There are 2 protein chains.
Amino acid sequence: MKELKGACIIGQSGGPTSVINASALGVIQTALKHDCITQVLAAEHGIRGVLDDRLFDFGQEDPAEVELLRNTPSSAIGSIRYKLKPSEEDETDYIRILEVFKKHNVRYFFYNGGNDSMDTCNKISKYMQKVGYECRVMGIPKTIDNDLVVTDHCPGYPSAAKYIGTSVAEIVRDTKVYDKGPIVLLEIMGRHAGWLAAAASLARVSGEGPALIYLPEVPFDMDKFLKDVTDLWNRQKYVVAAFSEGIRDKDGKFISEYGSDLAQHTDAFGHSQLGGLASTLSQFCNNYNGIKTRPIEYSLLQRCAAHCASQTDIDEAYLAGKTAVEAAVSGTTDRMVSLKCTRDGGYKCEMELIGLTEVANAEKTIPRDWINEDGNNVGDKYIEYALPLIQGTPDIPTENGMPRYPHLKYVLAK
Amino acid sequence: MKELKGACIIGQSGGPTSVINASALGVIQTALKHDCITQVLAAEHGIRGVLDDRLFDFGQEDPAEVELLRNTPSSAIGSIRYKLKPSEEDETDYIRILEVFKKHNVRYFFYNGGNDSMDTCNKISKYMQKVGYECRVMGIPKTIDNDLVVTDHCPGYPSAAKYIGTSVAEIVRDTKVYDKGPIVLLEIMGRHAGWLAAAASLARVSGEGPALIYLPEVPFDMDKFLKDVTDLWNRQKYVVAAFSEGIRDKDGKFISEYGSDLAQHTDAFGHSQLGGLASTLSQFCNNYNGIKTRPIEYSLLQRCAAHCASQTDIDEAYLAGKTAVEAAVSGTTDRMVSLKCTRDGGYKCEMELIGLTEVANAEKTIPRDWINEDGNNVGDKYIEYALPLIQGTPDIPTENGMPRYPHLKYVLAK
């Protein structure tokens, strides 16, 4: 394979995570070491920054500041939800991307995101091949939703899971302090897959998890839930229950839509925007049993809680970025870095490369046999899966007792 | 002062915190060292455990497990919200308390709570004096609300403030990632005092705090807020705003009650139960400007987030418990431990003893000149006050990546 000389671009796409910047750091630090990579550029707001020619030159940043990205949550160069149309339908964006790539002699494109982002990667790569512009395109997985197929898990998920498990352990302890406690209803992200809500069960490792956990993988039965939660409260005088935002009834209707007047929107990818599940459930509970409820929506708190990140997650996220660069420099293109893990005889995680098309537009859900028969909690198989991923407490740089985030110059490449 | 020999009781009252168990540990470990204290008892659910004669003998616990209380959030022996009637009105509870005290020869009573709890302490002490039963009564301050008078701050507040500041710093970063972000509305606890919502401003130390912070100390003007938040979003395309749950308009009406159909309850102390402020504000915002909002209620998450505790807080909470025991053993009674702090020339905190009646049923609010003129943010005086309190990252005992909480036997005293 002949050496390919040119600039690289790193872009961040989709919802941010606690470790998406650790992957960017893996790309940046590795790329800066390779002579064939002439410039390390970061696209502001993902593909939007390419279209707008807003590319930051990370060679001009202070390396000590850049290093702080390792523990800095959320997308430091900005993210985007933007779906490229197929080039056969509309070539406009592709022509512009090619123009910007040529202007900066971009020969390496690294894109960090979920399955929609891998679709973007794939489309760009295919277009560049079609027009004969040599550019190596690599996807780096990221999503707190953990719903990418093939890969054992997605960087970002372990830290979100650790925060959810830890804070649920705290909430369970808080809920038990009075002789009569409330029914706590925890709304956790997860549209079609229950990975994040399942993480509430990690609280069991600290003593006690939610007695009830509902995932989108199993149809939700409101009548049965109301009976179960009331029976449980009558027995123990408090209940903590966790729910994926995307739980649906047997007819496929979102439970969050049971509250008739809740508005429904769709986002740029055509997905329904969910919300208000916890308060909807709270109203149903109150009408049924009159017991005090505490609806709590984790919302943005669960996405970037880097103060409770997993060191394993940080290390793997970094390694995924590093692997993408090394593979591309060695001649690989059109691949996503995937995590191959074994748990028997101790946890091991290796980076492997898979085809972009293997992950684009597919979703991985929780196996049915990881969920109990009643469909209202997860079993030990999930805990065995997740526990190795949340190991390690990072030593987070602080200043004045608060997290020290990098001061970046964001110098635009000319 | 003659030596007083007998058992001691530690009780926890009111809302739990991240460090209330650190204070209990300070009491327990110190009391176990004093020969005049014959038994160290912990009352289940505070004064309720005394009335029900449910007292756990901490002399029978494994000291290594008890030590874990230092980093264990929420009330490990259970809490209560129970207001004793004046003994002149109804002596029933007092007669029962005296009976249980006599049964176990209780001569030391340590009560850890907020201002309602100091009132309980005071009433019990006065009654015991009236009937001639010698018992030394000491209050230990605790409340995330930070609204006790005299004391510089309350143990529990610094850790809640640190978690709020840290997670708001993360939320601000999350909100900025897209080219157009939402209006994030953060509902933070605080009925009459804005201490917890003010802590959102600590995010500034990490780079950027909420552009708008509203406290109950200043009347809230809905029209001005809607104009301000819309102008701000138009300028920067995202807004993070923080609110005390108890903000009221110039007529004293709670903003959370603006949503006409929101139910209103009162708790056992006769305070209004608030809730739903963030979603009420979200509806007003949406109607006014149509911009996407993210209402987030911190709810229970802010109260026991020991995973983000302040080591300073833990140390002070422990010392407050230790000081209460040492003072009582030396003959002091009817006092609350109060924190006297200086910040000039470096932060110093000393424990002093004040009269219980000095703090009972009074509330400390944020000085008006710590809030900006517009009444929609806090200034540097608050940061200077709070910053020393959030210093230090505890080394939290973990097992399998999750917090390791104590396994206690809870052996009832006979």
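This is a predicted model: local features need pLDDT of at least 70, side-chain atom pairs count only at pLDDT 80 or more; totals for chains, interfaces and linings use all residues.
**Entry: overall build of chain A**

I started with the secondary structure, and chain A comes to twelve helices and 15 strands. Its radius of gyration is 22 Å, close to the 22 Å that the globule rule gives for 414 residues, so chain A is as compact as a globular protein of that length. Along the principal axes, I got a box of roughly 70 × 50 × 40 Å for the C-alpha atoms of chain A. I also looked up burial: 58% of the 414 residues in chain A are buried. Then I turned to contacts in chain A with a separation of 6 or more, and 77% of them link residues 24 or more positions apart.

**Entry: domains of chain A**

How is chain A divided by the domain assignment? I noted domain 1 as 6–146 + 307–361 + 394–403, and domain 2 as 157–305. Their centres, taken over C-alpha atoms, are 33 Å apart. I checked who takes part in the contact: 21 residues come from domain 1 of chain A and 18 residues from domain 2 of chain A. On the domain 1 side, I sorted the touching residues into seven nonpolar, nine polar and five charged.

**Entry: the four-stranded sheet of chain B**

Over in chain B I traced an open sheet of four strands with parallel pairing, in the order S7-S8-S6-S11. Strand S7 (212–214) and strand S11 (293–297) of chain B are the edges, each pairing on one side only. Direction ignored, neighbouring strands of this sheet are turned by 15° against each other on average.

I zoomed in on strand S6 (residues 183–188) of chain B, which runs parallel to S11(B) and is joined to it by five bridges. Opposite Glu187(B), I found Glu297(B) in S11(B).

Which helices pack here? I have two down. Helix H9 (residues 277–289) of chain B packs on the sheet and touches S6, S8 and S11 of chain B. The direction of H9(B) makes about 165° with that of S11(B). Helix H8 (residues 222–236) of chain B lies across S6, S7 and strand S8 (239–244) of chain B, and runs at about 155° to S8(B).

**Entry: Thr175(B)**

I picked Thr175(B), which lies in helix H6 (residues 157–175) of chain B. Is Thr175(B) buried or exposed? I counted 23 other C-beta atoms within 10 Å, and the cut-off for buried is 20 or more, so Thr175(B) is buried. Leaving out residues up to four places away in sequence, Thr175(B) touches Gly181(B), Pro182(B), Val184(B), Tyr238(B) and Val240(B).

**Entry: the seven-stranded sheet of chain B**

Next I followed the open sheet of seven strands in chain B, ordered S3-S2-S1-S4-S5-S12-S13, with mixed pairing. Here the edge strands are strand S3 (55–57) and strand S13 (348–355) of chain B, each pairing on one side only. I get an average twist of 30° from one strand to the next.

Strand S4 (residues 106–113) and strand S5 (residues 136–141) of chain B run parallel, and I counted six bridges between them. One partner pair I wrote down is Phe109(B) with Val137(B) in S5(B). Helix H10 (residues 311–329) of chain B lies across S4, S5, strand S12 (335–342) and S13 of chain B, at about 165° to S5(B).

**Entry: where the chains meet**

The contact takes 48 residues from chain A and 48 residues from chain B. Which elements of chain A give two or more residues to the side that touches chain B? I listed helix H6 (157–175), strand S11 (293–297) and S15 of chain A. H6(A) gives the most, with nine residues. By class, I have 22 nonpolar, 17 polar and nine charged residues on the chain A side.

**Entry: Tyr405(A)**

Last, I looked at Tyr405(A), in the segment after strand S15 (402–403) of chain A. Tyr405(A) has 24 other C-beta atoms within 10 Å and is buried. What does Tyr405(A) touch, not counting residues up to four places away in sequence? I found Leu68(A), Thr72(A), Ser206(B) and Gly207(B). Tyr405(A) and Leu68(A) are 337 residues apart in sequence, yet their C-alpha atoms are 6.2 Å apart in space.

Key: Residues are numbered from 1 along each chain as its sequence is written. Chains are lettered from A and ligands numbered from 1 in the order in which they are written. Domain bounds come from an automatic or database domain assignment. Two residues are in contact if their C-beta atoms, placed from the backbone, lie within 7 Å. Ala, Val, Leu, Ile, Met, Phe, Trp, Tyr, Cys and Pro count as nonpolar, Asp, Glu, Lys and Arg as charged, and the others, Gly among them, as polar. The radius of gyration is taken over C-alpha atoms; the globule rule is 2.2 Å times the number of residues to the power 0.38. A residue is buried if 20 or more other C-beta atoms lie within 10 Å of its own, exposed if 12 or fewer, and partly exposed in between; C-beta atoms are placed from the backbone. Two strands pair if DSSP finds at least two bridges between them. Axes are lines fitted to C-alpha atoms, for helices over the stretch in contact, and angles run from 0 to 180 degrees between N-to-C directions.
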